[in-house]
There are 2 protein chains.
Amino acid sequence: VFRAIDHVGIAVHDLEAALKEYEQRFGMHVTHIEVNDDQGVVEAMLTVGDGDGPPLQLLAPLREDSPLTKFLGKRGEGVQQIAYTVDNIEIATAQLRERGVEVLYDEPRTGTAGSRVNFIHPKNAGGVLVELVEQASDDGTTRRQP
Amino acid sequence: VFRAIDHVGIAVHDLEAALKEYEQRFGMHVTHIEVNDDQGVVEAMLTVGDGDGPPLQLLAPLREDSPLTKFLGKRGEGVQQIAYTVDNIEIATAQLRERGVEVLYDEPRTGTAGSRVNFIHPKNAGGVLVELVEQASDDGTTRRQP
Ligand SMILES: [Co+2]
Ligand SMILES: [Co+2]
């Protein structure tokens, strides 16, 4: 079902402060910052090393009713999600549902950089919020459903 | 400092049950199981997709006094660590300490498959337990300090 780890998402209270720490202490570099209104978060992608492997994603809440605000209130800062790359999100979602895994949204949502995403609830994935990511095609467009 | 994400570690109560779930639901494959007496855990490495990217590590406690027992009691199952590959663990540790990051052990410990590891406390890394991993050389031997 999964091709590889797409990114690892870390919840932080203050994106600016966290980025400074990750850059200065760990030598990581920001490649992308984006507001996702649908999820109520601002998110930054951070390259690790030479960038051949998966990046980190730092996520900070934009509003009180963001699911991330709830996460931070309950667990504090820390790893909030593991995202996996899938080739086709409809096929992956169907395969997972066949195996009894609850996938959160009926239709994929829009993720970072035009990707199409969906989520598996932590109760269905050993306590881990799992994000499924179908990357946008190389020209930046999102594959549309027929 | 960090070359790439080495693996993502997930704390579970029951390794057997978790492995079955990850294999059946997500199609992942176990490549390595090992007991680490020093850390009081049994750990399994799981390949994601074609295995070009970093694996998952599932960790279950072996005893009541394992730090992982404490983690599971407090947070429940979920992501427990992000591990990063470093070329030389003494150099990486020294660089991090220069930048004010507290590294847990004075001397590296033995990690999975003969690797040499150390840890950064979550309070020094935005709520995330960070593991530093210097992989054993290809012939399986561990580099010894002079
Ligand atoms: Co994400
Ligand atoms: Co580890």
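Contact here means heavy atoms within 4.5 Å. On that basis, 100% of the interface residues of chain A are also interface residues in chain B, so the copies meet through the same surface. The structure is a predicted model, in which local features need pLDDT of at least 70 and side-chain atom pairs count only at pLDDT 80 or more, while totals for chains, interfaces and linings use all residues. Residues are numbered from 1 along each chain as its sequence is written, chains are lettered from A and ligands numbered from 1 in the order in which they are written, and side-chain values use heavy atoms, with hydrogens and water left out.

In chain A, eight strands form an open sheet of mixed pairing, in the order E2-E3-E4-E1-E5-E8-E7-E6. Strands (E, at least two residues) and helices (H or I, at least four) are DSSP runs numbered from the N terminus, and two strands pair if DSSP finds at least two bridges between them. Strand E2 (29–36) and strand E6 (109–110) of chain A stand at the edges with a single partner strand each, so one side of each has no neighbour in the sheet. E1(A) and E4(A) are paired in the parallel sense over four bridges, and Ile10(A) stands opposite Leu58(A) in E4(A).

Helix H2 (residues 67–75) of chain A has Leu68(A), Phe71(A) and Leu72(A) as its buried residues. They cover an arc of only 95° around the axis, which puts them on the same side of H2(A); the arc is that of the directions from the helix axis to the C-beta atoms. Buried means under 20% relative accessible area, exposed over 50% and partly exposed in between, with a 1.4 Å probe and protein chains only. An α-helix has 3.6 residues a turn, so residues three or four places apart point the same way. The buried residues of H2(A) pack against strands E1 (4–11), E3 (41–47), E4 (56–61) and E5 (78–85) of chain A. On the face turned away from that buried side are the exposed residues Pro67(A), Lys70(A), Gly73(A) and Lys74(A). Just after H2(A), Gly76(A) has a positive phi of about 80°.

His7(A) in strand E1 and Glu131(A) in strand E8 (residues 130–134) of chain A link parts of the chain that are 124 residues apart. Both His7(A) and Glu131(A) are buried.

In chain B, five of the six residues of E4(B) are buried, so this strand is largely enclosed by the rest of the structure.
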